[in-house]
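Visitor: Can you walk me through this one? I'd like to hear about helix packing, then pockets.

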Amino acid sequence: MTTPPLPPGRLRVGVVGAGKVGAVLGAALANAGHLVVSACAVSEASRARAAALLPDAPIRTVDEVVDESDLVLLAVPDDTLSGLVQGLATTGVWRLGQLALHTSGRSGLAPLAPAIAQGVGGMAIHPAMSFTGTAMDVERLRDCCFGVTAPPELIAPACALVVEMGGEPLVIDEFDRVRYHLGLAHSANYLVTLVVQAAQVLQGAGVEDTDRLLRPLLSAALDNALRQGDSALTGPVARGDAGTVAEHLEVLERETDDVREVYRVLAEATVARALRGRRLSEAGARSIREALDRPKETP
């Protein structure tokens, strides 16, 4: 597909997953001068969100979005990310020199390995913010830290993208991604969680300035809860992402007893509220509870 030439340093961006995060980041990149050439949006809510935040981007299939983009923004649920990237690699749609970034907090470069093997530059850029999926989020990005994981040669470009979106990049080691995400989820997804517990976990991942990282995240989550009540529930439990919960529990084995117990209690409470509000299916609730009840593996 032929598109007009872009100024130097500007990219043709394709958004795979026009959810609350993908549509907002796509809009932020467009505001920075990049061209959002297309978006993949399956649900009615995603299509409405894309129409509001990415009005000039036509809705395409995943393969089409990837094919016509210099930078592919993958904003999909954690548990589907690896399979999606592998499937695209199987079809041969990735190309040498292309860039791909995902927004998963828990994952570093591992889910992008099939694309990287085909010459794609991979990066993980996770906004430490609670999203509403509306234009107000684009402004909130100005107070937002992003957890950035990338190969050494792509750290600078990845951080530049964050700065262009108005955020502040924070480089996270590949092996600290799960611990990093655990700290954020433990604070933002469960609003009554003690902030010092989240700070404890983040310090274990090498984050020194936990106040700077957590303050904007907690402010947005509190605002969303006050405005929307249970409708503001987000995160791996409310989404039914059992794989993320299982990885959190593995990291928690190295944390203090109070953090482990509070995580489990709040996860159970979140399942119950999400079920009552019909935001989580019975099958999703079962998968989360199975992960929480799974006995610790002994060496």
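Guide: Helices α12 and α13 are roughly antiparallel to each other. Bear in mind that this is a predicted model.

Visitor: What angle do α12 and α13 pack at, and how far apart are their axes?

Guide: The angle is about 160 degrees, and the axes are 10 Å apart. Angles over 145 degrees count as roughly antiparallel, hence the label. α12 covers residues 242–252 and α13 covers residues 257–276.

Visitor: Is the crossing of α12 and α13 left-handed or right-handed?

Guide: Left-handed. From α12, the contact uses V245, H248, L249 and L252, and from α13 it uses V259, R260, Y263 and R264. Sorted by class, that contact has five nonpolar, one polar and two charged residues.

Visitor: And α12 with α14, at what angle do they pack?

Guide: At about 15 degrees, with 9 Å between the axes; α14 is residues 282–293. The cut-off for roughly parallel is under 35 degrees, so α12 and α14 are roughly parallel to each other. Their crossing is right-handed.

Visitor: Which residues make the contact there?

Guide: A242, V245 and L249 on the α12 side, and S287, I288, A291 and L292 on the α14 side. Six of the contact residues are nonpolar, one is polar and none is charged. V245 and L249 of α12 also take part in the contact with α13.

Visitor: What about α9 and α13, how do their axes cross?

Guide: They cross at roughly 115 degrees and come within 11 Å, α9 being residues 195–204. That crossing is left-handed. Q197, Q200 and V201 of α9 meet D258, V259 and V262 of α13.

Visitor: Which elements supply at least two residues of the lining?

Guide: Helices α1 (20–31), α2 (44–53), α4 (78–91), α8 (177–188) and α11 (236–239), plus strand β5 (121–127).

Visitor: Which one gives the most?

Guide: α8, with four residues.

Visitor: And how do the lining residues divide by class?

Guide: Into 23 nonpolar, 14 polar and five charged. K20 and R239, both among the residues closest to the pocket centre, are of the charged class.

Methods:
Residues numbered from 1 in each chain as written. Predicted model: local features only at pLDDT ≥ 70, side-chain atom pairs only at ≥ 80, totals over all residues. Heavy atoms only, no water. 1 Å grid on protein atoms, 1.4 Å probe; cavity = no way out; pocket = protein on both sides within 12 Å on 5 of 7 lines; lining within 4 Å. Axes fitted to C-alpha atoms, helices over the stretch in contact; angles between N-to-C directions. Parallel < 35°, antiparallel > 145°, perpendicular 65-115°, else oblique. Left-handed = near helix turned anticlockwise from the far one by under 90°. Contact = heavy atoms within 4.5 Å.
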